[in-house]
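Please read this briefing alongside the structure shown below. It begins with a single residue and then goes topic by topic.

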Amino acid sequence: MCQMCSQLFRRSSICVHSELICNYCFDRENLQNKANWISLTPSKLAAFGFSDLLNKTLRVAQRKNLPQALKTYGSVPCRLDYNTYGSVGPVRRPEMKIADDEKDEDDEEEDDEKVPLSVFLRANRHRVDDAVYHCRNHLTQAYKEENRRGLLVFDANDN
């Protein structure tokens, strides 16, 4: 039984992000939250950055729950990884992990393979800049077509 709408639902309708609610209620709550929407004004578009991209992107349980009035203005691949670029090309280092700023008291062994966050962000700087640039362009296109708010939706099939 869904904790929000008190309706019984099939096992296939359980939201993978929260097993206590159905897909429809999960998506409805995300869409009703005004903090998830991007105001399409020139000042907001000029200030759009990576933090907005991370904070405003929604994960929906089912795309069919999105309002039909929403229009798609494009998609932007945003993949961050541990590739470091050398003179030959990308060098894959799958054993590297991001180091937390604070020490984890549960972690007793010292891990020499952890990468400081600044190094990780520096390695992905161009990917981040490209993603923000393309998102800003799509949002600007939506603004030029007289839309006043936008929504960024994460699509697991594309990433």
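**Starting point: Arg63**

Arg63 counts as partly exposed, at 45% relative accessibility; here buried means under 20% relative accessible area, exposed means over 50%, and partly exposed lies in between (1.4 Å probe, protein chains only). Arg63 sits in the loop between strand 4 and strand 5. Helices (H or I, at least four residues) and strands (E, at least two) are DSSP runs, numbered from the N terminus. Between Arg63 and Asp27 there are 36 residues in sequence and 8.8 Å in space, C-alpha to C-alpha.

The model is predicted: local features need pLDDT of at least 70, and side-chain atom pairs count only at pLDDT 80 or more, while totals for chains, interfaces and linings use all residues. Residues are numbered from 1 along each chain as its sequence is written, and side-chain values use heavy atoms, with hydrogens and water left out.

**The largest pocket**

- The largest pocket holds about 1100 Å³ of space. A pocket is found on a 1 Å grid over the protein atoms alone, as an open set of points where a 1.4 Å probe fits, with protein on both sides within 12 Å along at least five of seven lines. Grid points are joined across faces, edges and corners, and the volume is the space filled by probe spheres set on the points.
- Its lining consists of 36 residues, and those nearest the centre of the pocket are Gly74, Leu151, Leu152, Val153 and Phe154. A lining residue has an atom within 4 Å of a point.
- Two or more lining residues come from each of helix 3 (50-56), strand 4 (57-59), helix 5 (125-144), strand 9 (149-150) and strand 10 (152-154).
- Helix 5 gives the largest share of the lining, four residues.
- Sorted by class, the lining has 21 nonpolar, eight polar and seven charged residues. Ala, Val, Leu, Ile, Met, Phe, Trp, Tyr, Cys and Pro count as nonpolar, Asp, Glu, Lys and Arg as charged, and the others, Gly among them, as polar.

**Helix 5**

- Arg127 lies in helix 5 and counts as buried at 18% relative accessibility.
- The side chain of Arg127 makes a polar contact with the side chain of Asn124 (2.5 Å). A polar contact is a pair of N or O atoms within 3.5 Å; within protein, one must be able to donate a hydrogen and the other to accept it, and residues adjacent in sequence count only if both atoms are side-chain atoms.
- Ala142 is also placed in helix 5, and its relative accessibility of 6% makes it buried.
- Ala142 and Leu40 are 102 residues apart in sequence, with their C-alpha atoms 7.9 Å apart in space.

**The loop between helix 5 and strand 9**

- Which side chains meet in a salt bridge? They are those of Lys71 and Glu145, at 3.2 Å from N to O. Lys71 lies in the loop between strand 4 and strand 5 (84-85) and Glu145 in the loop between helix 5 and strand 9, so the pair ties together parts that are 74 residues apart in sequence.
- The structure holds one salt bridge, defined as a side-chain nitrogen of Lys or Arg within 4 Å of a carboxyl oxygen of Asp or Glu.
- Lys71 is exposed, at 56% relative accessible area, whereas Glu145 is partly exposed at 41%.
- Glu146 is placed in the loop between helix 5 and strand 9 and is exposed, at 62% relative accessibility.
- The phi of Glu146 is near 65°, a positive value in a residue other than glycine. Most residues other than glycine have a negative phi.
- Arg148 belongs to the loop between helix 5 and strand 9 and is partly exposed, with a relative accessible area of 49%.
- Arg148 and Ser39 are 109 residues apart in sequence but 6.2 Å apart in space, C-alpha to C-alpha.

**Asn36 and the cysteines**

- Asn36 is in the loop between helix 1 (23-32) and strand 3 (38-39), and it is buried, with a relative accessible area of 10%.
- A polar atom of the Asn36 side chain lies 2.8 Å from the backbone oxygen of Asn30.
- A search of the whole structure finds zero disulfides, a disulfide being a pair of cysteine sulfur atoms within 2.5 Å.
- Cys25 is buried, with a relative accessible area of 0%, and Cys135 counts as buried at 9%.
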